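Subject: Handover of a structure and its findings

Dear colleague,

Please find below the structure that I am handing over to you. My notes on its strands, aromatic rings and charged side chains follow it.

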Amino acid sequence: LRKNLFANIKDLPTNLDTNQNYFEGQADFIKYSPDEIRLFVRLEASAVLIVTNSFSKYWTVEIDGKLGDIFPAYHAFWGVALPPSASQVVFKYNPPWK
């Protein structure tokens with residue numbers, strides 16, 4: 001799982017280069033609650049962050065304050081393409097009934 005990502009190509013964000021090698025980084029929790037997750041990440045190059053929470057279209061992601069894309073990874077989890085400059089990743093849960 002560290003070397004391969006299984007995803008439907010039509011679900012991948014347009015900025016994700018499928019021919020590029022992606023590298024490991026490090027992520028630390030800043031906050032973890034039912035409707036918000038904040039991570040501090042350290043990367044040396046572009047990376048794909050895989051979060052093992054159940055995929056839902058009601059989660060959003062911001063990467064250093066800019067809206068990003070969450071795509072289904074391994075059919076059930078979250079995948080997020082991160083640029084090498086990324087340092088803070090924030091996920092928020094915003095269902096329509098909230």
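A salt bridge is here a side-chain nitrogen of Lys or Arg within 4 Å of a carboxyl oxygen of Asp or Glu. Glu36 and Arg38 meet this criterion through their side chains, with a distance of 2.5 Å from N to O. Please bear in mind throughout that the model is predicted.

Salt bridges

The whole structure was searched, and 3 salt bridges were found. One of them joins Arg42 to Asp28, again at 2.5 Å between N and O. Arg42 belongs to strand β2 (residues 36-42) and Asp28 to strand β1, so this pair ties together parts of the chain that lie 14 residues apart in sequence. Arg42 is partly exposed, at 32% relative accessibility, and Asp28 is likewise partly exposed, with a relative accessible area of 32%.

Lys31 forms a salt bridge with Glu36, and the closest N and O atoms of that pair are 3.3 Å apart. Together with the contact between Glu36 and Arg38, this gives a network of salt bridges that links Lys31, Glu36 and Arg38.

Is Glu36 buried or exposed? With a relative accessible area of 13%, Glu36 is buried, because residues under 20% are counted in that class.

The model contains an open sheet of 5 strands in the order β1-β2-β8-β4-β5, and the pairing is antiparallel. Strands β1 (26-33) and β5 (66-67) stand at the edges with a single partner strand each, so one side of each has no neighbour in the sheet. Within this sheet, strand β4 (residues 59-63) and strand β8 (residues 88-93) run antiparallel and are joined by 5 bridges. Trp59 stands opposite Tyr93 of β8.

Aromatic pairs

How many aromatic pairs does a search of the whole structure find? The search finds 6. One of these is the pair of Tyr58 and Trp97, which is edge-to-face, with 5.6 Å from centre to centre and 70° between the planes. This pair links distant parts of the chain, since Tyr58 is in the loop between β3 (47-51) and β4, while Trp97 is in the segment after β8, 39 residues apart. Tyr58 is partly exposed, with a relative accessible area of 25%, whereas Trp97 is exposed, with a relative accessible area of 63%.

Trp59 and Tyr93, already mentioned as standing opposite each other, also form an aromatic pair; this one is tilted, with 5.2 Å centre to centre and 45° between the planes. Here too distant parts of the chain are linked: Trp59 is in strand β4 and Tyr93 in strand β8, 34 residues apart. Trp59 counts as buried at 11% relative accessibility, and Tyr93 counts as partly exposed at 23%.

Trp59 and Tyr93 are moreover part of a cluster, in which ring pairs link Trp59, Trp78, Phe91 and Tyr93.

With this, the structure passes into your hands.

Kind regards

Note on methods:
Residues numbered from 1 in each chain as written. Predicted model: local features only at pLDDT ≥ 70, side-chain atom pairs only at ≥ 80, totals over all residues. Heavy atoms only, no water. Pairing = 2+ DSSP bridges. Helix = DSSP H or I, 4+ residues; strand = E, 2+ residues; numbered from the N terminus. Phe/Tyr/Trp six-rings, centres within 6.5 Å; stacked < 30°, edge-to-face > 60°. Buried < 20%, exposed > 50% of the residue type's maximum accessible area, 1.4 Å probe, protein only.
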